[in-house]
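Take a look at the model below. This report walks through its charged pairs, its rings and its surface.

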Amino acid sequence: MIEANAVYVIVAREFKKFVRERSRLVSTIARPLVWLFLVGGGMSRLVPTGTGPSYIQFIFPGILGMTILFSSIFSSISIIWDKEFGFMKEILVAPISRFSVVVGKATSGMVLSTIQAVIILAFFPLVGLKIGVFQALGIVFVCMVLSFAIAAFGILLASFYESYESFSVIMNFIVMPMFFLSGAMYPVKMMPALLRVFTKLNPLTYGIDALKHLIFPNETGALSADFSLFVDIGVILAASIVFVALAGKAFERKG
Amino acid sequence: MISGKLLHIMIRVENLVKRFGPVTAVDGISFAVAPKTIFGFLGPNGAGKTTTISILCTLLAPTSGEAFINGHDCAAESAAVRRSIGIVFQDSSLDKDLTARENLLFHAYLYRVDASERNRRVEDALKFADLHERADDLVKRFSGGMKRRLEVARGLIHRPKVLFLDEPTLGLDPQSRSNLWEFITRLPKEHDVTIFMTTHYMEEAEVCSRIAIIDKGRIIASGTPGELKKIVGGDVIYLRTEDNKKAAEEIRRLFQIEAAEKEGEIFLSVPRGDSVIPELIREIGERVLSVRMQRPTLNDVFLKLTGKEIREETAASGDDIKEAVRSYRRRHDRG
């Protein structure tokens, strides 16, 4: 059972804190822009891409994915902070189901990540891309489902950790590999076979792939999307359900 | 169906047991609490107080035994129990990055307080906690006493039947501590609420209507503060006279009471010290230099029952138990 009042108030709290903490917004926006312009801009000169999009254009969907990955995980990991500083108890003794807590937290991640992704999306003219209104709406939709799925994954992770010392472990051993094994920086079809296995297990891959479909609808070369849009959306939705269910179960346990 | 008898019991616990692997934190306790009273759960660190609260609050499942709040089974009807209770935990559970008002509003939404009532209740709570002037300040700028008052007021927003206070004055300075007690003792009357509190400060438990003393997971005594103090046997009178030896002999002879000497004073234990003192001074031949009397404290009760002070430590062994429980849960909660 999912209670709307609980989901609403959990999202409202996160949103309020997000708006209040300007520095957090600046740093989450700065990271993808640094990657886009410094890494993407530099590599564009080194990587000849023929008639297709330039390298900086190619990584644009990946950079949107990166924005979503970091902000969704960061949003979910705040559960560890809530546990550490006691606020989680206020939520856990309330007459609401654990699923409401998980869905509320995942929805918070979705709202905050989508806002940040839209800010990054607004930079598209600077890398020389043309994106129409319907394309943009499709992109926002994909950003929403992807950030919900990643946030739910983050909640599942957070349910295994009690203290914020684990934060750097999660960042270095889970989040960074997820980013590099997602097809964000290089096409999945060019990866060695072993890495391709990990890439296919990574939900972020399908989100970025869907974004490639929407941003380069006519591309057919080496830099085109790797899976069909139908597969992409299906995998993300399935992943959301699985992660929410597992995270809800992880929260449900009593000593 | 709630029987007539149950209406007079707000909390009922029967034979409650909680084990964490090899550690038995709560070892078969039973008690009942009447509505609109203050019930004190007293004991040293690691005695099982917080574990009992966690079971009553539906955060932990008992190993065996039963617990009911407002007629609802804590193990089987957690939603109904949760609606009936408010809790102030040992460690603050406020969001320090939100304002006082936002913390209260969060609670009101979480407990589905009617939209028409919500703002009024939040304002009432702010006034009640004497925080209405600081309503829009972030909680991280509040003092310890202000935070506790806010937490108590928050716990009452959804009009619970029972309010749990787990060591509510822990870490507060004496001034805020006495303010908080003044505030807490008003609750049953003003909010129609039953208070269940734990403490290891003996003098604080004196405000309770009834007390249960718990040690090593078992209730070793219960009753009103007055009844418990009777266990000790009454007041202690300390006398200093010109010749203590002679005076002590006289007291033994005239009053048939045991009188002992210690550190230049004679001391004797009597049921009603206040009425014995005038007689003492009148009857004994030696000139009395000073008299003082001590009423028994709950600490004396604990000392008498367990042979140890509640605060001296016991804390060391109590913390060992806490650590054992914590590490057990770390290993097993994760499955």
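Which residue forms a salt bridge with B:Arg12? The partner is B:Glu14, and the closest N and O atoms are 2.8 Å apart. B:Glu14 is partly exposed, with a relative accessible area of 35%. Keep in mind that this is a predicted model.

**Charged pairs**

Side chains of opposite charge can pair when their charged atoms come close. Over all chains, the count comes to 31 salt bridges.

| Salt bridge | N to O distance |
|---|---|
| B:Arg12 and B:Glu14 | 2.8 Å |
| B:Asp27 and B:Arg218 | 3.2 Å |
| B:Asp274 and B:Arg295 | 3.7 Å |

Start with B:Asp27 and B:Arg218. B:Asp27 lies in strand E2 of chain B and B:Arg218 in strand E10 of chain B, so the pair ties together parts that are 191 residues apart in sequence. B:Asp27 has 25% relative accessibility and counts as partly exposed. B:Arg218 is also partly exposed, at 47%.

Now take B:Asp274 and B:Arg295. B:Asp274 sits in helix H9 of chain B, while B:Arg295 is in the loop between strand E14 and helix H10 of chain B. These two residues are 21 apart in the chain. B:Asp274 is partly exposed at 34%, and B:Arg295 is partly exposed at 47%.

Salt bridges can also join up. One network links A:Arg13, A:Glu14, A:Lys17, A:Asp82, A:Lys105 and B:Asp95.

**Rings**

The structure holds 18 aromatic pairs over all chains. In one of them, the ring centres of B:Phe41 and B:Phe196 are 5.3 Å apart. Their planes meet at 50°, so the pair is tilted. B:Phe41 belongs to strand E3 of chain B and B:Phe196 to strand E8 of chain B, so the pair ties together parts 155 residues apart in sequence. Both B:Phe41 and B:Phe196 are buried.

B:Phe128 and B:Phe183 form another tilted pair, with 4.6 Å centre to centre and 35° between the planes. B:Phe128 is in helix H4 of chain B and B:Phe183 in helix H6 of chain B, 55 residues apart. Both residues are buried.

Charges meet rings too. The charged end of B:Arg118 sits over the ring of B:Tyr109, 3.9 Å from its centre. B:Lys18 lies over the face of B:Phe20, at 5.3 Å from the ring centre.

**Surface**

Which residues make the nonpolar surface patch of about 520 Å²? They are A:Leu194, A:Leu195, A:Val197, A:Phe198 and A:Leu201. A:Leu201 is found in helix H9 of chain A. With 67% relative accessibility, A:Leu201 counts as exposed.

Note on methods
Residues numbered from 1 in each chain as written. Chains lettered and ligands numbered in written order. Predicted model: local features only at pLDDT ≥ 70, side-chain atom pairs only at ≥ 80, totals over all residues. Heavy atoms only, no water. Phe/Tyr/Trp six-rings, centres within 6.5 Å; stacked < 30°, edge-to-face > 60°. Helix = DSSP H or I, 4+ residues; strand = E, 2+ residues; numbered from the N terminus. Buried < 20%, exposed > 50% of the residue type's maximum accessible area, 1.4 Å probe, protein only. Lys NZ or Arg CZ within 6 Å of the ring centre and 35° of its normal. Patch = residues over 30% accessible without salt bridge, like charges linked within 9 Å, V, L, I, M, F, W, Y side chains within 5 Å. Areas by Shrake-Rupley, 256 points an atom, 1.4 Å probe, with all protein chains shown as cover. Salt bridge = Lys/Arg side-chain N within 4 Å of Asp/Glu carboxyl O.
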